[in-house]
Amino acid sequence: MFVVLLCLLAQGLRVPAGFDVTLHAEHTVANDIHCLAIAPDGRIVVSGRGYVRLLSADGKSAVDFVGAPKDGAMGLHFDANDLYVVGDGGLKVYRGADPRQPPEMVFRCKTGGEHTAHAVQRGPDGWLYLMVGDGTGITSADISSDTSPVKEPIGGCVLRFSPDGKRREVFAHGFRNAYGIDFGPDGELYTFDSDNERCVGLPWYEPTRFYRIEAGGHHGWMGPKWAATWRRPPYYFDVVAPRATLGRGSPTGVAVYKHASFPPRYRGGAFACDWTFGIIHFVPLPNGEPEIFLKATGGDGFAPTAIAVHPRTGDLYVSIGGRGTRGGVYRIRHTEGVKNIDLAEVARLRPLPRAERPLDPRRTLRASVEAIDQAIDAKLSPAVRLDAVRRVQLWLGGPPAPWARGSVWEGYSRSGSGLIPRAISEGLRKAFPSGDETLDVELSRTLAMIEDDSPTVSRAVLAKLGAKTSTPDVHYLAVLGRLRGPLEVGPVVSSLLTLQARLAVRPDSNFASRICEIHAALAKRAPTLNDALIADARFGGPEHVIFTRLKGFDRVKAAERFLARAREAGFVWDAELVRLVAELPAEHDGRPGRHGHADGRRVGA
């Protein structure tokens, strides 16, 4: 045990007691590794820029395959004696895994980019499954079968190819950029999808998500065709909810543990790699609580890209690399498990051939306007009423509408422009607020989509402002930007000026842009809003400079307010503030000079 601890400390990797981590292959053998697979004879195959490489049994040397992708393969899979490779413009196969022969093209698609084609696996149904990111550009033209579970793909997809290669379908869609896939003992396909990281702090942000993929299911992501950042919430009936959320990160490899050398609690569960933070998560299946299995604690650059279970020993093999970083292959072994492997238990964990599960009937259910209205006003559970509200949104043609792409209004718009049936609009007004947080978000979203002009609704939305954390306020401010009822300025000013102070997390790059769009819409509705912002005693914090971006905002008066507060402790100058204050006349009292403040402090100090 002492030797194991020394090994872990030296490599900067923390794993549960009883596990041993060793370096199987150095970066000198294979650097900057993108993906990994295990050959039928137990040897490891890896790929990076310009190479596909078969490692020796001890990991100390390697043999290169000819015709390797210039950008490096992002998917590798052994199917009997054939090696499938994703790279250089498509899905290819080395027949007989012969390193001396160039590969054959199976399917042409975009590869080599971070959001293009990735993992490939043979399923228990005999079909070949290919995971692609939202930058691959898969459309209905890529489908060659009338039985395809998805007819009009959106975002990242899972494509599948029939055993005879004659049929090509889209199995599931609505992913952002899932990289790895694997089948569980139940025959289901699992993956780990990326977050919409630039939207941290905004209501539609979702962390990384671990999914059991559903045939025909949409998994939330709308880009790039319909939206730039907005995603359908996981509670929509026409969205597949994740089995687990795993925080911020960059999802890469996925492996379901279908072996018996690890302790029973790990058998049938999934390992999911996070490249950014050097973490391997463990997700018990079907519904267990996720935990961190491995975490990098040192500075050696452990960035996992792929993971696989050795079919004989049950050891985990993990590759590292990506974006030009140090490569290598690690082996993770349970020190007791390899001694007495129960072959019957291993066989039990292998997925058996199975029929495809039918699509959840709720996802295709259609309802009349009258039935929807009755469900909104009836004294039913919030979940049932939420489904009814979602059906109203779909009937309205959104969100999002094409015109709103790339703006905050992606989540508050509709494609149609026709008149709204009175029964629907009145039903929505009567139902809001409901007292249920999620239902109120979707009721108000739908009222925003129809640009409701009821004074009662506007007052009810204004009453929602002032939450302890600002994320709900961003949603309700956006709703107010779309409503047409009277707008009381006071609560809006208070909410806008305290948004960033109430943030529960540090916002990412899209936060300021979306708040500026909301601000512009609110100022258009209420011409006195900008004067009220500047006049408020709370105005002048560094975070308020974003409001000066709006055309017509009194930038001189705003600059004076910022200067007045610049002497307060904690005031931080940034480039935008400096540019604003620089617009004041040179003789203006208190105006900072080229190199610092009026009191001599350096800008940014």
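Which residue in β16 does aspartate 182 stand opposite? In this predicted model, aspartate 182 faces tyrosine 190 of β16. Strand β16 covers residues 189-193 and pairs with β15 in the antiparallel sense, over three bridges. The two belong to an open sheet of four strands, ordered β15-β16-β17-β18, with antiparallel pairing. Its edges are β15 (181-183) and β18 (244-245), each of which pairs on one side only.

Helix α5, residues 422-431, has buried positions at Ile424, Ser425, Gly427, Leu428 and Ala431. Viewed down the axis of α5, these buried residues fall within an arc of 165°, so they line one face of the helix. Arg422 and Lys430, on the other side of α5, are exposed.

Salt bridges number 36 across the whole structure. One of them joins the side chains of glutamate 451 and arginine 482, at 3.8 Å from N to O. Glutamate 451 sits in the loop between α6 (437-449) and α7 (455-462), and arginine 482 in helix α8 (residues 471-482), so the pair ties together parts 31 residues apart in sequence. Glutamate 451 is partly exposed, at 31% relative accessible area, whereas arginine 482 counts as buried at 11%.

Glutamate 583 also forms a salt bridge, with arginine 555; their closest N and O atoms are 2.6 Å apart. This pair links distant parts of the chain, from the segment after α13 (575-582) to helix α12 (residues 555-565), 28 residues apart.

Within helix α10 (residues 510-525), glutamate 517 and arginine 514 lie three residues apart, about one turn of the helix. Their side chains meet in a salt bridge of 2.8 Å, N to O. Elsewhere, Asp82, Arg95 and Glu104 are linked in a network of salt bridges.

How values were computed. Residues numbered from 1 in each chain as written. Predicted model: local features only at pLDDT ≥ 70, side-chain atom pairs only at ≥ 80, totals over all residues. Heavy atoms only, no water. Buried < 20%, exposed > 50% of the residue type's maximum accessible area, 1.4 Å probe, protein only. Arc of directions from axis to C-beta. Pairing = 2+ DSSP bridges. Salt bridge = Lys/Arg side-chain N within 4 Å of Asp/Glu carboxyl O.
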